[in-house]
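User: I'm new to reading structures and would like a close look at just one part of this one. Could you walk me through the place where the metal sits?

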Amino acid sequence: MLTGVETRPDVKGFYDSATSTISYVVADPETRRAAIVDSVLDFDVKAGRTRTKSADDLIAYVKGQRLTVDWLLETHAHADHLSAAPYLKEKLGGRIAIGEHIKTVQQTFKKVFNAEPGFATDGRQFDHLFKDGEKFRIGNLEGVVMHTPGHTPACLTYVIGNSAFIGDTLFMPDYGTARCDFPGGDAATLYRSIRRVLSLPPETRLFMCHDYQPGGRPVKWQTTVAEERAGNIHVRDGVGEAEFVAMRTARDKTLEMPVLILPAVQINMRAGRFPPPDDNGVSYLKLPLNLL
Ligand SMILES: N[C@@H](CCC(=O)N[C@@H](CS)C(=O)NCC(=O)O)C(=O)O
Ligand SMILES: [Fe+2]
């Protein structure tokens, strides 16, 4: 999958301590074209207020580096933070993209939230829907999309040059893997997706979407295929599918829902946009009672 002519992309990570999310600016040093992966719109759930501090940090970096943003990439419809992609598109340009199976996620959550009849479940809120194996460009860099479901049905890994943005599949070796208990999640499917990621060349740089700092260690977001294969506490080489599924299923039973799952999914299924305002001009989020 790495074609040799590719240079390393320049990768800059931005860590959001409120949601333990890492957003990335991925740039081709030759042409200064760039993609932003998994941006965060800050959200104060107590006040129902969004803020753009995290997104403005990305914008300042992009402008300081004199980059042109071609893509606003989402690895999946996040359940723990709101996407800032529409805000970044307004300020920087770029096309908002996600995996084509977002349609499945939209169908599921249209029902959960009893969304307005006009809420489309064909992914049209996004500028582009990626298929497994599809190629795309960031300047002279080639990206290849891998569909890596399991955490959600639409999860993607973006392989760009010698780097892979793996979303919620693997975490750092000392934390393990993503949960599989959201609607449409499946542990056996995640195991197979992870084996695909781990079949990339051993030196491939892997960039995490989250780091939950086990044992209180300093935050880290970059590792390699070789390190994950040698030491991931859930799926290092030698751990079989049945063993993984048993572990993952047992662990998922112990996890609380992410603090922001209900706000996040309602916004992210709309490519980061707010629900249509009520007749007073205000957008509202719903809390389905006793449903999830
Ligand atoms: N405490 C966090 C939990 C977030 C969470 O559930 N993260 C997902 C990824 S969206 C996960 O896979 N966690 C794995 C785990 O904790 O085992 C929150 O409330 O936001
Ligand atoms: Fe996630």
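**A close look at the iron site**

Analyst: Let's start with the whole chain and then zoom in. The protein chain has seven helices and 14 strands, and keep in mind that this is a predicted model. The C-alpha atoms fill a box of roughly 55 × 45 × 35 Å along the principal axes. A compact globule of 292 residues would have a radius of gyration near 19 Å, and the chain's 18 Å agrees with that. Of those 292 residues, 54% count as buried.

Now for the metal. Three residues of the protein hold out donor atoms to the iron ion (ligand 2): His 76 and His 151, each through NE2, and Asp 168 through OD. These donors lie 2.0 to 2.3 Å from the iron ion. Along the sequence, the donor residues follow the spacing H-x74-H-x16-D. His 76 belongs to the loop between strand E6 (68-73) and helix H2 (85-92), while His 151 is in the loop between strand E10 (141-147) and strand E11 (156-160), so the two histidines tie together parts that are 75 residues apart in sequence. Both His 76 and His 151 are buried.

What about the geometry? The four donor atoms around the iron ion (ligand 2) subtend angles of 89 to 167 degrees, which makes the arrangement irregular. To count as tetrahedral, four donors would need all their angles between 85 and 135 degrees.

Notes
Residues numbered from 1 in each chain as written. Chains lettered and ligands numbered in written order. Predicted model: local features only at pLDDT ≥ 70, side-chain atom pairs only at ≥ 80, totals over all residues. Heavy atoms only, no water. Donors = N, O, S within 2.8 Å, 3.2 Å for Na, K, Ca; no water. Tetrahedral: all angles 85-135°; square planar, octahedral: opposite > 155°, others 65-115°. Helix = DSSP H or I, 4+ residues; strand = E, 2+ residues; numbered from the N terminus. Buried < 20%, exposed > 50% of the residue type's maximum accessible area, 1.4 Å probe, protein only. Rg over C-alpha atoms; globule rule 2.2 N^0.38 Å.
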